[in-house]
Amino acid sequence: MGIGNGGMSRRDFAKASALAGFSILAAGAARAQDSAETLKVGLIGCGGRGTGAAKNLIDGVDNVKITALADVFEDKVRNCRHELEKIKDPKIKAKIALTDEQCFVGLDAFDKLLKTDVQVVILATPPYARPVHFEAAVNAGKHIFTEKPVAVDPVGIRRFMDAAREAEKKKLSVVAGTQRRHQSPYVETIKRIHDGEIGEILAGRAYWNGTLPFSHERKPEWSDLEYRLRNWYNQCWTCGDNILEQHVHNLDIINWALNAHPEKVVASGGRAWKPFEERYGDIWDNFTCDYEYPNGVHVLSMSRHWDNSASGVFEEVTGTKGKSTCRNLGKEKEDPYVQEHIDLFASIRGAGPYLNEGIQVAESCLTAIMGRMAAYTGAEVSWNDALKSDLSLVPEDLDFAKAYPLGPIPVPGQA
Ligand SMILES: NC(=O)c1ccc[n+]([C@@H]2O[C@H](COP(=O)([O-])OP(=O)(O)OC[C@H]3O[C@@H](n4cnc5c(N)ncnc54)[C@H](O)[C@@H]3O)[C@@H](O)[C@H]2O)c1
């Protein structure tokens, strides 16, 4: 099975990551000490990002083989397999070893994949499924690359956090798709912010003012659930709304720079332009939040789906000695979408610091979720309110024969 002895060297970047605050623990039993061992990888969620993440992994990491795929839909597995198998570079192609028997389809496909001998899994479904898949992967003893967001509601966040703690006990490595944490300009700048370069932080801003994401018309042959899952960016229970789905990247940077999560939030938002058409689902198209962090530090956050949206995507913190975009004091070196896999495998193989980004990414997701809760209800929401909330959006009994009606679109004060 081996494909050579090109074990990974630990990079300076990994060192910088460790300095920037990643947890470092002694190597445990589950860590693959022999970097020459070929590790088998399975992909759960074979859409755009899952296929991309699999490619990034085999681009950046040696001695790996993608041996299993799982998706709820057959065409997604087929297309992903085709994308991977058409790779021409023989060195990278040698890292694909798929068979029909190792390609799983259906709502239980993740479970079947976890029963194979893969040691590492990529979780890249929409976030509604993440807590269940992540918990099952930890229980099965797999190392994990998990895309963000990691849940859409507080109940899911707690389930994910519990599993992340369990992963730590088992010394399973976990890296999240908040890739800025693996991007040198951010790593270097945030280290300097933590070292006091801009003084004491007084305030921040974080924006994801983007345009409309994908939305699909319903096809007559699709069941209700198939439509909801294929059109997942447009229902709150499948995506968590835009404040979570995309803006979590920016909020994650603010939490990292401030070394904290917010204490409370007040927020506004709504659906300014989207007509009530099924394809646009029940999510809003704008949020504005005023987050309060420890020491009275306020952070203004905005996230929109508007054409010609002003301001774009950025983070900024202002301190007593200056301002920073959280990335202005470091140089671009690597592709963070590749680097996150290099760092994960360095952790698994004991060639770099042990990484478990589970709690960190869950806190960033809860930051977004508490903003959404405040905006939907019109009430102030504290961190503890959000963390303890019983809010649970994902139906327990997913079934292609059942109906999953939309909405209602939240009305503040009534939601
Ligand atoms: N880090 C980043 O920059 C980045 C970029 C894009 C997407 N993402 C994240 O990746 C995730 C997937 O996004 P995408 O753009 O690839 O979407 P996608 O629709 O292209 O792919 C999602 C796949 O998951 C499958 N799926 C849905 N439910 C499933 C289930 N229960 N079991 C198995 N498979 C299931 C779908 O059929 C689909 O193939 C999202 O959480 C998204 O936020 C992250």
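Leu 43 stands opposite Leu 69, a residue of E2. In this predicted model, strand E1 (residues 39-44) and E2 run parallel and are joined by six bridges. Both belong to an open sheet of six strands with parallel pairing, in the order E3-E2-E1-E4-E5-E6. Strand E3 (103-105) and strand E6 (174-176) are the edge strands, each pairing on one side only. On average, neighbouring strands of the sheet are turned by 15° against each other, direction ignored.

Helix H2 lies across E1, E2, strand E4 (120-123) and strand E5 (143-146), and runs at about 175° to E2.

H2 also takes part in the shell around the ligand, where its three residues are the largest share. Helix H2 (48-60), strand E2 (64-71) and helix H5 (109-114) each supply at least two residues of that shell. In total, 27 residues surround the ligand, and the closest are Gly 45, Gly 47, Gly 48, Arg 49 and Lys 76. The shell divides by residue class as follows.

| Class | Residues in the shell |
|---|---|
| Nonpolar | 14 residues |
| Polar | seven residues |

Arg 372 is part of helix H14 (residues 358-377). Is Arg 372 buried or exposed? Arg 372 counts as buried because it has 31 C-beta neighbours inside 10 Å, and the cut-off for buried is 20 or more. Apart from neighbours within four places in sequence, Arg 372 is in contact with Asp 241, Ile 243, Leu 244 and Phe 287. Val 132 is 240 residues from Arg 372 in sequence, and their C-alpha atoms are 22 Å apart in space.

Notes
Residues numbered from 1 in each chain as written. Predicted model: local features only at pLDDT ≥ 70, side-chain atom pairs only at ≥ 80, totals over all residues. Near = placed C-beta within 6 Å. Helix = DSSP H or I, 4+ residues; strand = E, 2+ residues; numbered from the N terminus. Nonpolar A, V, L, I, M, F, W, Y, C, P; charged D, E, K, R; others polar. Buried ≥ 20, exposed ≤ 12 C-beta atoms within 10 Å, placed from the backbone. Contact = placed C-beta atoms within 7 Å. Pairing = 2+ DSSP bridges. Axes fitted to C-alpha atoms, helices over the stretch in contact; angles between N-to-C directions.
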